Amino acid sequence: MSMKRLGLLLAGLAAAKIGTIEHLQRSATRDALVAVHAKDAIVACQRATPVNLLKPGALWASTLAVRVEVGNRRTDVALWQVDHTDWQARFRRPYLVLHATTARCHFDLTTGTASVTEL
């Protein structure tokens, strides 16, 4: 085996190791955030659910998926507007996003508030 092939093999193994560690760290962080904040998110989402949605209490009890996101894309702030009051909410704050069959709820982990959008 030539030195070039050995170097490429070692570089590939190092990249695989770093990728695996990164994946494990992110998934463990996601699982911990969901485990700790899921109940608070469900309660906040139930409170924020509009009256026109059917059975708001049961809506979030049957949540299909929970996802962790950084930043809220629905906030209308540009990347270069760093002095804007909503810049942190748009680009830095962590959110738990709960998906149900008829709605989606963004729970802000920093402020403990929720906002519901109908699908």
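**Close-up views of salt bridges and a hairpin**

**View 1. D108 and R93 are joined through their side chains.** In this predicted model, the side chains of D108 and R93 meet in a salt bridge at 3.1 Å, N to O, the term requiring a side-chain nitrogen of Lys or Arg within 4 Å of a carboxyl oxygen of Asp or Glu. Because D108 lies in strand β3 and R93 in the loop between α3 (87–91) and β2 (94–99), the pair ties together parts that are 15 residues apart in sequence. D108 is buried at 3% relative accessibility, whereas R93 is partly exposed at 24% (buried means under 20% relative accessible area, exposed over 50%, partly exposed in between, with a 1.4 Å probe and protein chains only).

Residues are numbered from 1 along each chain as its sequence is written, and side-chain values use heavy atoms, leaving out hydrogens and water. As the model is predicted, local features need pLDDT of at least 70 and side-chain atom pairs count only at pLDDT 80 or more, while totals for chains, interfaces and linings use all residues.

**View 2. R26 and E22 form a salt bridge in helix α1.** The N to O distance is 2.7 Å, and the two residues, four apart in helix α1 (residues 3–48), are separated by about one helical turn (helices are DSSP runs of H or I with at least four residues, strands runs of E with at least two, numbered from the N terminus). R26 is exposed at 57% relative accessibility, and E22 is partly exposed at 34%.

**View 3. Strands β3 and β4 form an antiparallel pair.** Strand β3 (residues 103–108) and strand β4 (residues 114–118) are paired over five bridges, where pairing needs at least two bridges found by DSSP. A103 stands opposite E118 in β4.
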